[in-house]
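Q: I'm new to this one and would like to go through it step by step. Could you walk me through it once it is on the screen?

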Amino acid sequence: MVLGAVAFLVYAFLVSWLLRRYRPAAMTAALGAMPVWFMVSLGLWFWIGDPK
Amino acid sequence: VKEVEFNLSSLRETRGHEYIVRFVFGGLCTVIAGLIAKRFGPGVGGLFLAFPAIFPASATMIESHEKRRKAEIGADGTERGRLAASIDASGAVLGCIGLAVFALIVWKTLPHGNAYGVIAAAVLGWAALSYLLWALRKD
């Protein structure tokens, strides 16, 4: 969950930036950035491993 | 000390189906996280407990509420709606730091303590840190 929260942080930061910089519709930004959450969370998971 | 304000009138702005969308997405994601935990282990399941399940719906609703408010006075609220959604996402960034601390407290103390006490302490930790970050950002 810690790693997921870090991924959420990156995701939310990206959505906020996209909305301010390019002004897309909120749904477009929120769904368009979703792969970033998967990449960061799974990337951290495979990099750090299963935290016991 | 900065005061957190609650605007109860915004509850009336939210329509029934908007609440349903949030509850359904949130609940669905919790069920999926549980299934993933069963299949791949609790670590991976926990990862999905921090999946942004209701965020897209919330951001979209905030945008549409702002648009609706502006439309009532005959103005185009597209820009304002997107800005409001952007501010919502900025708030989520702060909440994520609190969420990470919540998870850290549960992870490190649950094996040695009472579950209710640990969860209560983690919720307090989340609330205190989120408030602190919000107050610092507001300055």
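Q: How many salt bridges are there between chain A and chain B?
A: The count between chain A and chain B is one salt bridge, and please keep in mind throughout that this is a predicted model.

Q: Which side chains meet in that salt bridge?
A: The side chain of R23(A) meets that of E79(B), with a distance of 2.4 Å from N to O.

Q: How many salt bridges does the structure hold over all chains?
A: Over all chains, the structure holds four salt bridges.

Q: Back to the two chains together: how much area do they bury between them?
A: Chain A and chain B bury about 2700 Å² between them, and 79% of that is on carbon and sulfur atoms. On the side of chain A, the residues that lose the most area to chain B are M1(A), F8(A) and R23(A), which together make up 25% of what that side buries.

Q: How many residues does the contact take from each chain?
A: The contact takes 30 residues from chain A and 31 residues from chain B.

Q: At what angle do α2 and α4 of chain B pack?
A: Helix α2 of chain B (residues 16–40) and helix α4 of chain B (residues 55–72) pack at an angle of about 165°, and their axes are 10 Å apart.

Q: Does that count as roughly parallel or roughly antiparallel?
A: Angles over 145 degrees count as roughly antiparallel, and therefore α2(B) is roughly antiparallel to α4(B). In passing α4(B), α2(B) makes a left-handed crossing.

Q: Which residues meet there?
A: From α2(B), the residues E18(B), V21(B) and R22(B) meet A57(B), S58(B), M61(B), S64(B), H65(B) and R68(B) of α4(B). The residues of this contact of α2(B) with α4(B) divide into three nonpolar, three polar and three charged.

Technical notes: Residues numbered from 1 in each chain as written. Chains lettered and ligands numbered in written order. Predicted model: local features only at pLDDT ≥ 70, side-chain atom pairs only at ≥ 80, totals over all residues. Heavy atoms only, no water. Axes fitted to C-alpha atoms, helices over the stretch in contact; angles between N-to-C directions. Helix = DSSP H or I, 4+ residues; strand = E, 2+ residues; numbered from the N terminus. Parallel < 35°, antiparallel > 145°, perpendicular 65-115°, else oblique. Left-handed = near helix turned anticlockwise from the far one by under 90°. Contact = heavy atoms within 4.5 Å. Nonpolar A, V, L, I, M, F, W, Y, C, P; charged D, E, K, R; others polar. Buried area = accessible area lost by both parts, 1.4 Å probe.
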